[in-house]
Structure formats: structure tokens, C-alpha cells
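The following note sets out points for a colleague who is examining the model below.

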Amino acid sequence: MSRLSPSSESSEHGCRGGASPRQRNARTLTYGENVSDFSPASDLRPWQRTAAGAGLLAADGTIAATIFAEMSALALATGAINLGQGFPDEDGPAEVLEAARKAIADGVNQYPPGLGMPVLRQAIAEHQRRWYGLEVDAASEVLVTAGATEALAATLLALVDTGDEVVTFEPYYDAYAALVARAGGVHRTVPLRWPDWRPDHDELRRAVTDRTRVILVNSPHNPTGAVLDTETLRLLVELADRHDAIIVTDEVYEHLSWGAPHIPIATLPGARERTISISSGGKTFSTTGWKIGWLTAPAPLVTAVLAVKQYLTFVNGAPFQPAIAAGLALPDAVFTDAAAALRHRRDVLAAGLEAAGFTVSLPQSGYFLVADAAPPGAADGAAFCRELPDRAGVVGVPVSAFVHPDRQATYRSLVRFAFCKRLEVLEEASRRLASVIEEHRAKRDR
Ligand SMILES: Cc1ncc(COP(=O)(O)O)c(C=O)c1O
């Protein structure tokens, strides 16, 4: 049976057991030198598996807060500038905000249709045509979701069965690991390496096999800001085709790219019929709290995902749906200006971090940059991030939060900082970060 139909076979990979609690919660098999897979023990309860997938389940069974929650709480407690979590501190286009206010005043306050409001589905289809030349049927090939997060959750729960492998790059957006684990899947990762984050094609070839149910792509990428090139995207399509896998592509930063053109994988030959493309209005219009996301895919895949999605949230955000539709119809300059403004912010924060002694990997897209804290004396990024609010009044998150336990060492001294903030906030953060290098030099010279 083709993998394009929503069913799958299972394998022995979902069954783990007999290990100590610590190993059980974070058991990892290594394949060769560079490709690993990960799945929590099958005897954990579903919620424990979810937490274990995200690295949050401790050996004693307690569940830790996510690093984002922990760091945001630290920012609040210390008054530090929060460059940990990726949300803008300024409103997006006035037209989008006004459209939401108008929709509420006009009484658009009840359940919208399960697939999403026609005005938004039409706008999404039009957006795909205008920006990428993709023809999408608004009636059958578009599904509106509660943010990209619900699109990802419903997709993985719909497609991934016990033992199915899901291949992603690593570091990865943390929800991927949690959702794959909840679905009973095996998370197989291919590393992106500091500082240019290019995947090794041979490692990719080794990672995708007949056990692969989904190749989950994220370009532009969080946390690194990398944008995959056409050659890599072509290889992904070739591998998906060879092994009959479905491509799920998370493109929430699609309009926030400046260093390299964003190429939706669905535009490549042979991709569209096996690709679910996910995006969201949150990043593009600085409305992360509205949680209006969507996916576009061939109708049978939309049907498969809808079967799950309709029992998660059913629907969401009625008045925000026409507002995001209004946003998607805005002129090109609104999108390109937002990307240019972010690029400038990236430069301001990167300069601040470099002046403070960090080595910076300049991102080509998105909200975040990754900096190496080893040069100014921090070998352990997680410990450094816990101290940073007190030392410098700034919050970042360790890149180790975006990788599985067996990969922690590779990314140990790296820290992710968000630059989707007002210029004066980034300038003040840069001023504060200067104390990091001053302390380091004082220690060294003692
Ligand atoms: C790569 C990636 N995917 C998905 C999301 C979640 O998007 P949404 O807020 O639309 O659910 C984020 C948010 O940070 C993200 O960085």
C-alpha cells in the first residue's frame, strides 16, 4: 500500500524496555558516527513519552518545565531582557489588526467551518500562487489550524504509527521530538553543524530508509536561521520518492528570509503530491498570540490530517481568520520590508554579541541567531544561560534544548538569542552583554 494513504505498518523500533529509568527515558541508538534515532520506552504512559521525547522526563518520573518557560520565568523574576522566547515586542501591520477588530465588531465570533473560513482558505491559495506559482484548490487542499503547532500535531498524529521513523534535522524545533514520541514514532535525526549548518548529504541518505514514514523539513530553520539550498531539497524529494515517505515542511519563517531565497519544497518536481506544507500568520504578521496556522496538501492528505485535527481543537480564532486573510493580501513590500527590518536587527544583536566576545553564526532568516559562548569563557551553554540574567540582565536559551541527549556535547557551548525585538531593546541588551567579556577578562587576568 502506498504511504500516501493514511495507514502504515509498524516495526520493532517502537518496543524498548528492560533498561534503567535513566536510560529508559533517554535511550538513544547511534547509527554510524553521525545519524542517530530516538524513541522513548514503550512502557511509559503516553504523556510521559511525550515529555521524554522532548527531554523533559527525569529519571524519578518528574517532568521539568521547558527551557523556554524556565528562562521566561527567570526574565520575569530578574527583570532581564528576554531574548529567549521568539515573540516580537511590536505590533505587525495595522491593516491586519484593524481587520480583526472589525471582524469582532461585525459579529464574526462563532465557530468557523472545520476547514477554516473560505475567505482565509482562498487567501492562502492565492498566496501560494502569488509567491510560489503553486496551484492549490482552496476547497479541498487547504486546512486552517490553531497555529502551525496544531498543523504539526495533527499531521504527525494522523500519519505516524508505532515504530514509524520520522527524520528531521538536529537541532530541531522542540515540538517535533515531543509529537513524534507521542505518536509512538522513532525520531531519526541528521545533524546541522556549527557554524554554517549545512547537512551532509551522505548522512541524509543513510537516515532515510524504508522505515521512514515522514521527512519533516524546517526551512527557514529554527534555531539556526539556515535556509536549505535547492540541491538539498532535491535530495529530500528524491529520498522521499525512493522510500515512499511523506514530506512535511514547516515554513513558518517563509517571509523572514534575506540571506538566501526561500524555496518551498512543494515547488520542486515530484514533491507536491507527497508534501504537506505548513505555515502560520504568527511570524509573518507579528501575531504569534493569535495562533492562526494552516497547511496545504493534496486532498487525500488534507482529509487524513482533518480526521485528527477536528477532534483536537475542531476550529479556532474566528475573527482572526479574516484578519490573516487581509494580511496575506497585502502588497509585496510589506513582506519584504519586514524581512529587511529583521535583518537589521540581526546585525545589531550580532555586533553586540561579537563585541562581548561571542562567536556568531549569522542567520539567513528567522527570529534567532546562535552564538558560541565558549570564547567569553562559558563551556556549558545551559549553565551560562541560567547565570546570564544575574550576570548581565539578558536571557537566552541553550541550543542543547533543541537536541537529543546523545548530541548535547556537540552543541554544548551554543546559545540561541532572539532578535525579533525593538532596536532599542537589542541595543540595551548589547550594552549589558559587554559585562560578560569584562568579567571574563578580569578572571583571566587575576
Ligand atoms: C519552526 C517553528 N515551527 C512552528 C512554530 C509554531 O508556530 P505557531 O505559533 O504558528 O504554532 C514555531 C514557533 O516558534 C517555530 O519556530
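**Notes on the predicted model**

1. The coordinates are those of a predicted model. Within it, 74% of the protein's contacts with a separation of 6 or more join residues 24 or more positions apart. The secondary structure consists of 15 helices and 15 strands. The radius of gyration is 21 Å, close to the 22 Å that the globule rule gives for 446 residues, so the protein is as compact as a globular protein of that length.

2. Taken along the principal axes, the box filled by the C-alpha atoms is roughly 70 × 55 × 40 Å. Of the 446 residues, 54% count as buried.

3. Strand S7, residues 212–218, is mostly covered, with seven of its seven residues buried. Which strands pair with S7? One is strand S5 (residues 165–170), which pairs with S7 in the parallel sense over four bridges; here Thr168 has Leu216 of S7 as its bridge partner. Another is strand S8 (residues 246–250), which pairs with S7 in the parallel sense over five bridges; in this case Val214 has Ile246 of S8 as its bridge partner.

4. Together with helix H9 (residues 230–242), S7 and S8 make a right-handed β-α-β unit.

5. Is helix H7, residues 174–182, largely enclosed or exposed? Eight of its nine residues are buried, so H7 is largely enclosed by the rest of the structure. The buried residues of H7 are Asp174, Tyr176, Ala177, Ala178, Leu179, Val180, Ala181 and Arg182.

6. After H7 comes Gly184, which has a positive phi, near 85 degrees.

7. A separate point concerns an open sheet of four strands, ordered S11-S12-S15-S14 and paired in the antiparallel sense. Its edge strands are S11 (359–361) and S14, each of which pairs on one side only. Strand S12 (residues 368–372) and strand S15 (residues 414–418) are joined in the antiparallel sense over five bridges, and Asp372 stands opposite Leu414 in S15.

8. Which helix lies across S11, S12 and S15? Helix H13, residues 332–355, does so, and H13 runs at about 15 degrees to S12.

9. Gly396 is found in the loop between strand S13 (394–395) and strand S14 (397–398). Why does Gly396 count as buried? Gly396 has 31 C-beta neighbours inside 10 Å, and the cut-off for a buried residue is 20 or more.

10. The surroundings of Gly396 draw on separate parts of the sequence. Not counting residues up to four places away in sequence, Gly396 touches Leu83, Gly84, Cys385, Leu388, Val415, Arg416 and Phe417. From C-alpha to C-alpha, Gly396 and Phe68 are 9.0 Å apart in space, while 328 residues apart in sequence.

Terms used: Residues numbered from 1 in each chain as written. Predicted model: local features only at pLDDT ≥ 70, side-chain atom pairs only at ≥ 80, totals over all residues. Helix = DSSP H or I, 4+ residues; strand = E, 2+ residues; numbered from the N terminus. Rg over C-alpha atoms; globule rule 2.2 N^0.38 Å. Buried ≥ 20, exposed ≤ 12 C-beta atoms within 10 Å, placed from the backbone. Contact = placed C-beta atoms within 7 Å. Pairing = 2+ DSSP bridges. Right-handed = clockwise from strand over helix to strand, strands pointing away. Axes fitted to C-alpha atoms, helices over the stretch in contact; angles between N-to-C directions.
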